[in-house]
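Please keep the sequence and the model in view while reading.

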Amino acid sequence: MDIGELVQYLNRMSSSLSEIGDKTSSGLQDIEIRLSDLNSTLSVTNVLLIVLIIVIAINTFLKWKNSKN
């Protein structure tokens with residue numbers, strides 16, 4: 001293996017390592033976007049759950065009040 005082949009080999013190796021970094025960065029950005037979407041979905045779910053709990057509490061109170069009368 002002469003110097004030229006060694007330089008070419010090292011250049012290909014460097015290029016491969018650079019591609020791995022780029023792919024990893026792209027994958028992490030995709031994960032970050034998905035986590036952000038999940039976070040907003042969970043926020044909506046929490047609001048809906050709170051509304052459901054309030055409705056159930058009001059319904060229970062009204063049933064209790066009507067049963068006393």
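## Surface and basis of the model

The accessible surface of the protein comes to about 6400 Å², and 65% of that area belongs to carbon and sulfur atoms; accessible areas here come from the Shrake-Rupley method with a 1.4 Å probe, and for residues only the protein chains shown count as cover. Of the 69 residues of the protein, 0% count as buried, where buried means under 20% relative accessible area, exposed means over 50%, and partly exposed lies in between (1.4 Å probe, protein chains only).

This is a predicted model, in which local features need pLDDT of at least 70 and side-chain atom pairs count only at pLDDT 80 or more, while totals for chains, interfaces and linings use all residues. Residues are numbered from 1 along each chain as its sequence is written, and side-chain values use heavy atoms, with hydrogens and water left out.

## Overall form

The protein has 1 helix and 0 strands, these being DSSP runs numbered from the N terminus (helices H or I, at least four residues; strands E, at least two). Its radius of gyration is 30 Å, well over the 11 Å that the globule rule gives for 69 residues, so the protein is more spread out than a compact globule; the radius is taken over C-alpha atoms, and the rule is 2.2 Å times the number of residues to the power 0.38.

Along its principal axes, the C-alpha trace of the protein spans about 100 × 15 × 5 Å. Ser-18, which is found in helix α1 and is partly exposed at 42% relative accessibility, has its C-alpha atom 41 Å from that of Thr-45, 27 residues away along the chain. Thr-24, also in helix α1 and partly exposed at 44%, is 13 residues from Asn-11 in sequence and 20 Å from Asn-11 in space, C-alpha to C-alpha.

## Nonpolar patch

Ile-3, Leu-6, Val-7, Tyr-9, Leu-10, Met-13, Leu-17 and Ile-20 make a nonpolar surface patch of about 770 Å². Patches are made of residues with over 30% relative accessible area and no salt bridge, with like charges joined within 9 Å and nonpolar side chains (Val, Leu, Ile, Met, Phe, Trp, Tyr) within 5 Å. Val-7 is found in helix α1, residues 3–68, and is partly exposed, with a relative accessible area of 41%.

## Charges

The protein has 6 positive and 7 negative side chains, and the centres of the two sets lie 33 Å apart; Lys and Arg count as positive and Asp and Glu as negative, without His and the chain ends, and each charge is placed at NZ of Lys, CZ of Arg, CG of Asp or CD of Glu.

A search of the whole structure finds 1 salt bridge, defined as a side-chain nitrogen of Lys or Arg within 4 Å of a carboxyl oxygen of Asp or Glu. The side chains of Asp-30 and Arg-34 meet in a salt bridge at 3.4 Å, N to O, and, being 4 residues apart in helix α1, the two residues are separated by about one helical turn. Asp-30 is partly exposed at 38% relative accessibility, whereas Arg-34 is exposed, with a relative accessible area of 58%.
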